[in-house]
Amino acid sequence: MKTLCKTAVTPVVVAALAAFAFSGIALAGWEPKKPVDFVIMAGKGGGADKMARLMQSVIEKHKLASKPFIPINKPGGSGAEALVHLKQKAGDDHTIMVTLNSFYTTPLRQPGLGVDVMTFTPIGRMAEDTFLLWVNKDSGINNINDFVKAAKSAGNKWIMAGTGKGQEDQLLTSFLNKAYGLDMKYVPFKGGGRVAKELAGKHANSTVNNPSEQLGFYEAGNTVPLAAFTPDRLPLFKDAPTFRELGKDFVYFMQRSVVGAPGMSKEAEDYYRDVFKKVYQTEEWQGYMTKKSLQGEFLTGDDLKAYWKREKDNHQKMLKDIGEI
Amino acid sequence: MEILDHLMQGFAIAFQPLNLGLVIFGCALGLFIGAMPGLGSVNGVAILLPMTFLVPPTGAIIFLAAIYYGAMYGGAISSIMLGIPGASTAVATTFDGRPMALQGLADKALITAATASFIGGTISVILFTLFAPPLAAVALAFGAAEEFALMMLAFATFIGLGGDDIPKTLFSIFIGLVFSAVGLDIISGQPRLVFGDIPGFLHGINFLVLAIGIYGIGEMLWTIESSKGDVKISQATVTVRRIIDDLRTLKDTFKSIVMGSILGYFVGILPAAGATPGSLMAYGVAKTISKHPESFGKGNPEGVAAPESANNAASTGSMLPMLTLGIPGSPTTAILLGGMVIWGLEPGPMLFIEHQEFVWGLIASLYVANVFSLLINVAFIPAFIWVLRLPFTVLAPIIFVLCIVGGYAPTQDMHDVWLILIFGVVGYLMRKLEYPLAPAVLAIVLGPLAETSMRQALLISNGSFLTFFERPISGPIMAAAMVLFLLPILKLVKDKFWSRAAT
Amino acid sequence: MRKAELLMAVVMGLFSTYLMWKSAELPIGWIPDEGPGGGAFPFWLAAGMLICCLWIIVRWVRRSSTVSASADQYMDAATLRMFFLVAGALTVMIGLIHVVGVYVSIPLFMLFYMRYMGGHRWLPTGVIAVATPIVTFFFFEISLKITLPKGLTEPLFYPLYDIFF
């Protein structure tokens, strides 16, 4: 059977090799031997999922890799399942993962997993997503002072909708509660798109969505951003001041990074770094970043590790403050 | 009438030769993906995404619509032929589709399913064209409390589905609901019921795992026992004459089809509901309004027609919250949303104004895909019937392999394959003791939605249950659910009273 | 039949108790201003399961349901043999997937089932046993790009990937 197959497909092999030569992939150096598992630390349709599938499409379009990257969603336990999976794949050269900030928070909240994210292979930080504070247009609130006044008088009847518990949206909510002396109630929903809709449908009073999640409603004039959790004003939302301008020195980003299994070989690490660096530089990725108001340059290697260390310590402190760990 | 112009333009695009080729290829591929237990439209649409860069965006949309509809039709094939629902949207189709196949009426069941799907798709496209913008407002008004009320209504339409054995039926519902709680508790963010700290339980127990276990492995064991290992499942034959006869008798199911289409469309519009509750409710309602409710579950074609028309109508309906609000109503629309991001389109209220050609191109191609799915499906019916006539000892191992591979594919985790085996074996042992198992499968589908929405609503209302009854939309839905819950009890009391009076 | 009915009810009763205990890891009561705790939903439903099991046992004692009054055998020897053969073969097949992957264990299972259980001749058995994994490979790995587990046989597939991707 096998030999029969072989002889029949020889011309195909030749053609395939020719195609490789044309697509400009160096035949020397390490190459994946089989399709690469592209683990996504979140469910289908979320921000991380959309981004991973965009990366996959860009890789296929520009033929940046000789084997396909196959997205696999492992959303279980706020990413715990994905982290454990990667840990078990230690030393594997064909498993990489798209991460977000649950990369820090989940191991901190579930120490039983025994996951140390600092052992993971740093491949590349593709972007940093930004956060803003949003309210419904019909609420008549236009600036942070109105917001504080309204939320204060509503007490714990003020509903802040967000994604997940003990994660970024709740951290931002507790920052606001602390900074302005509020008692907003945090209600977790599944997925940022759903959260954005809860605000537009007036089931919630405020949210801290990413721009990509609220953009549709913002453009239709349903929702308004009040302030940004970034160091500088965002080009897309010029009218929203930063919290720094408002006198609260607080900045928060969501990382969009690609990591490899712990103990990945040096050659494989270099290969993936090269692939994702090229993805970062494509027109598609740059266009997406501008459109969705993403920030951050490509970060890799020791720089990325140092960034993780800083962010991890930061999250540890924030989670302690709200009593989640 | 501007809308109609746009729709016509959409059709003109869909009928270009390249696009027509994509439709036919997509429908056929979708049909096979859907017919595979475990794989559904989600997988079909997911593989398409990287291809969207290779063909022009309109071609991509059309191809995607074709796969989507093809897979929806295909789901019914697996439900009818193998008795295994290929996706949660096709659960209700097994209830009567499977008995029909066992009686040698597989051809009739397949034709009923295909025609009902087609009519459902047609009615929903018309409704979409006429009422899209106003209905977006309804979807927006649907919050957690309304969602919970809707889930109660879905449960209520299904009361009385189980057997006559009350404790065993209740047990089955409860165990399904408990299994649906495995994984992560969204509200507290804590892992829950992670048995033995096995990481595979972190993603919960998927509906498909239970369904493939019970309906796939369990049902096969049952068939092997009752046939002593070797019997043909059915003696179905197929001729052109029979197909024509089948089509002629379809008019009996017309009422169910129209009801299913309209109900399915409206339930599909509601965010987070999607096609599954729609098809389940359509089945329940069809049974209630039918002249022969007792024949449901024993091979009544109306029981195939209602859920099939509803799930296709709901698929079109669920495009509405996706396009206007950017909320995926189902996993498939979640992937579609990802596709829109790649094409550089922003879902939301502005999409209908700024990108009308995209919206109507999508709707028109859904419709074209609907037509071709019907044709391809009917053309393949003889092939499917031929498969059914294979010796059972050839068919059985193939079905087992399909169950195992199909159970692995969605999560790519062997953990789920082992669970399928366990559910299959235990389900078989329980079935021998007359435990009804369908309620457990329904409970695992509706359970997570019901629990999460209830707790979100209670958080928002500071723990007051009145919220479900006070709100203008959830109140009436809740009231309707209550009436449906009480109806069988009242009937029981009345029957008792009558029989006593008679003797 | 009677024995099986009681055994199932007792085993399921024990299982419900375990579920209740496991659910109680999270708060099962009412949290003021928030609603039920994270464990409440599964805990009280598992309690419902337990009540159903007790109900079934009570009926068993009173012989008031059809199954508990039935004198039929739960499984006769032939059924039992069939059950163990099929379930056993499935278990072995799934176990083997971990070691040698789907593309070895599936044909083995098909060979066993068709040849030993079905008594088919070698030719059709062999053709189907070889054709199934080939179709599976092209459908899942090439067209759907879903990789299936291969265990030890993984390196054998590298040349195939080089050809098709």
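1. Into which domains is chain C divided? Domain 1 covers 2–69 and domain 2 covers 77–164. The centres of domain 1 of chain C and domain 2 of chain C, taken over C-alpha atoms, sit 39 Å apart. Bear in mind while looking at this that the whole thing is a predicted model.

2. On confidence, then. The predictor gives the complex an ipTM of 0.94 and a pTM of 0.87. Chain C has an average pLDDT of 90, and 100% of its residues score at least 70. Within chain C, the element with the highest mean pLDDT is α2(C), at 94, while helix α3 (residues 66–69) of chain C has the lowest, at 80.

3. Chain B next. Its secondary structure amounts to 22 helices and 2 strands. The radius of gyration of chain B comes out at 22 Å, close to the 23 Å from the globule rule for 503 residues, so chain B is as compact as a globular protein of that length.

4. Still on chain B: 66% of its 503 residues count as buried. Take the contacts in chain B between residues at least 6 apart in sequence, and 80% of them join residues at least 24 apart.

5. The contact between chains C and B takes 56 residues from chain C and 52 residues from chain B. On the chain C side, the elements giving two or more residues are α1 (2–23), β2 (35–36), α2 (40–62), α4 (77–100), α5 (102–117) and α6 (122–143) of chain C. The biggest giver there is α4(C), with 11 residues. By class, the side of chain C that touches chain B divides into 38 nonpolar, 13 polar and 5 charged residues. Note that α2(C), which gives two or more residues to this side, is also the chain C element with the highest mean pLDDT.

6. Now for chain A against chain B. This contact takes 44 residues from chain A and 41 residues from chain B. At least two residues of the chain A side come from each of α2 (47–61), α3 (80–88), β7 (185–189), α7 (192–200) and α8 (211–219) of chain A. Which element gives the most to the side of chain A that touches chain B? That would be α2(A), with 8 residues. The residues on this side of chain A divide into 14 nonpolar, 14 polar and 16 charged.

7. The assignment gives domain 1 (33–129 + 254–321) and domain 2 (132–237), with domain 1 of chain A written as two segments.

Key
Residues are numbered from 1 along each chain as its sequence is written. Chains are lettered from A and ligands numbered from 1 in the order in which they are written. This is a predicted model: local features need pLDDT of at least 70, side-chain atom pairs count only at pLDDT 80 or more; totals for chains, interfaces and linings use all residues. Helices (H or I, at least four residues) and strands (E, at least two) are DSSP runs, numbered from the N terminus. The radius of gyration is taken over C-alpha atoms; the globule rule is 2.2 Å times the number of residues to the power 0.38. A residue is buried if 20 or more other C-beta atoms lie within 10 Å of its own, exposed if 12 or fewer, and partly exposed in between; C-beta atoms are placed from the backbone. Two residues are in contact if their C-beta atoms, placed from the backbone, lie within 7 Å. Domain bounds come from an automatic or database domain assignment. Ala, Val, Leu, Ile, Met, Phe, Trp, Tyr, Cys and Pro count as nonpolar, Asp, Glu, Lys and Arg as charged, and the others, Gly among them, as polar. pLDDT is the predictor's confidence in each residue, from 0 to 100.
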